[in-house]
Amino acid sequence: MNKRTLESRVSEKLGIPQYKVNLFINTLLDSITESLEQNEEVSIRGFGTFLPKRQKTRPVRNPQNGVPCMLEPSVTVKFSVGSDLKKRLNEDSHIQK
């Protein structure tokens with residue numbers, strides 16, 4: 001699912017115009033991003049937790065020529081699934097065989 005599909009589904013379920021749903025989703029994502037930029041954990045109870053994680057400088061190889069180099073430190077985001085979401089995803093009706 002992409003953002004546009006999500007907006008459509010929420011708009012249909014709530015009977016709200018899609019432009020308002022778009023504004024809400026953009027505001028939500030901006031708020032989460034701002035918190036992560038400030039090195040804050042973002043927890044959505046039952047859904048999961050977003051945690052900023054600083055990666056250290058590490059040696060890597062250029063895949064095109066095999067030349068070793070150092071990768072600069074960067075920040076990534078770790079997501080830990082919440083118990084309610086995990087339980088719902090592991091119900092028998094959702095398991096694909």
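**Exercise 1. A residue in a loop**

In which loop is N39 found?

*Solution.* The model you are looking at is predicted.

- Step 1: Go to the loop between α2 and β1, and you will find N39 there.
- Step 2: Look at the backbone. N39 has a positive phi of about 65 degrees, although N39 is not a glycine.
- Step 3: Turn to the surface. The relative accessible area of N39 is 60%. Exposed means over 50%, so N39 is exposed.

**Exercise 2. The open sheet**

In what order do the 3 strands of the open sheet stand?

*Solution.* 

- Step 1: Follow the sheet across. The order is β1-β2-β5, and the pairing is antiparallel.
- Step 2: Find the edge strands. These are β1 (42-44) and β5, each of which pairs on one side only.
- Step 3: Consider the twist, which averages 25 degrees from one strand to the next.
- Step 4: Zoom in on β1 and β2. Their antiparallel pairing runs over 3 bridges. In this region S43 has T49 of β2 standing opposite.

**Exercise 3. The hairpin**

How many bridges join strand β3 to strand β4? Then inspect the residues between the strands.

*Solution.* 

- Step 1: Locate β3 at residues 58-61 and β4 at residues 68-71. The two strands run antiparallel and are joined by 4 bridges.
- Step 2: Pick a partner. P59 is bridged to M70 in β4.
- Step 3: Move to the turn of the hairpin, where 6 residues lie between the strands. Here G66 takes a positive phi near 75 degrees.

**Exercise 4. Aromatic rings**

Why does the pair of F50 and F79 count as tilted?

*Solution.* 

- Step 1: Start with the whole structure, in which a search finds 2 aromatic pairs.
- Step 2: Recall how such pairs are described: by the distance of the centres and the angle of the planes.
- Step 3: Apply this to F50 and F79. Their ring centres are 4.9 Å apart and their planes stand at 50 degrees, so the pair is tilted. The cut-offs behind this are under 30 degrees for stacked and over 60 for edge-to-face.
- Step 4: Place the residues. F50 belongs to strand β2 (residues 48-55) and F79 to strand β5 (residues 74-81). They are 29 residues apart, and the pair links distant parts of the chain.
- Step 5: Check the exposure of F79. With a relative accessible area of 36%, F79 is partly exposed.

**Exercise 5. The largest pocket**

Which element gives the largest share of the lining of the largest pocket?

*Solution.* 

- Step 1: Note the volume of the largest pocket, about 570 Å³.
- Step 2: Survey the lining of 17 residues, of which L6, V10, I25, L28 and F47 lie nearest the centre.
- Step 3: Sort by element. Two or more residues come from each of α1 (3-14), α2 (18-37) and α3 (83-89). The largest share is that of α2, with 7 residues.
- Step 4: The lining holds 15 nonpolar residues, no polar ones and 2 charged ones.

**Exercise 6. A residue of helix α3**

Is D84 exposed or partly exposed?

*Solution.* 

- Step 1: Find D84 in helix α3.
- Step 2: Read the relative accessibility of D84, which is 49%. Since exposed begins over 50%, D84 counts as partly exposed.
- Step 3: Compare sequence with space. D84 and G48 are 36 residues apart along the chain, and their C-alpha atoms are separated by 8.7 Å.

Note on methods
Residues numbered from 1 in each chain as written. Predicted model: local features only at pLDDT ≥ 70, side-chain atom pairs only at ≥ 80, totals over all residues. Heavy atoms only, no water. 1 Å grid on protein atoms, 1.4 Å probe; cavity = no way out; pocket = protein on both sides within 12 Å on 5 of 7 lines; lining within 4 Å. Points joined across faces, edges and corners; volume = space filled by probe spheres on them. Nonpolar A, V, L, I, M, F, W, Y, C, P; charged D, E, K, R; others polar. Phe/Tyr/Trp six-rings, centres within 6.5 Å; stacked < 30°, edge-to-face > 60°. Buried < 20%, exposed > 50% of the residue type's maximum accessible area, 1.4 Å probe, protein only. Pairing = 2+ DSSP bridges. Axes fitted to C-alpha atoms, helices over the stretch in contact; angles between N-to-C directions.
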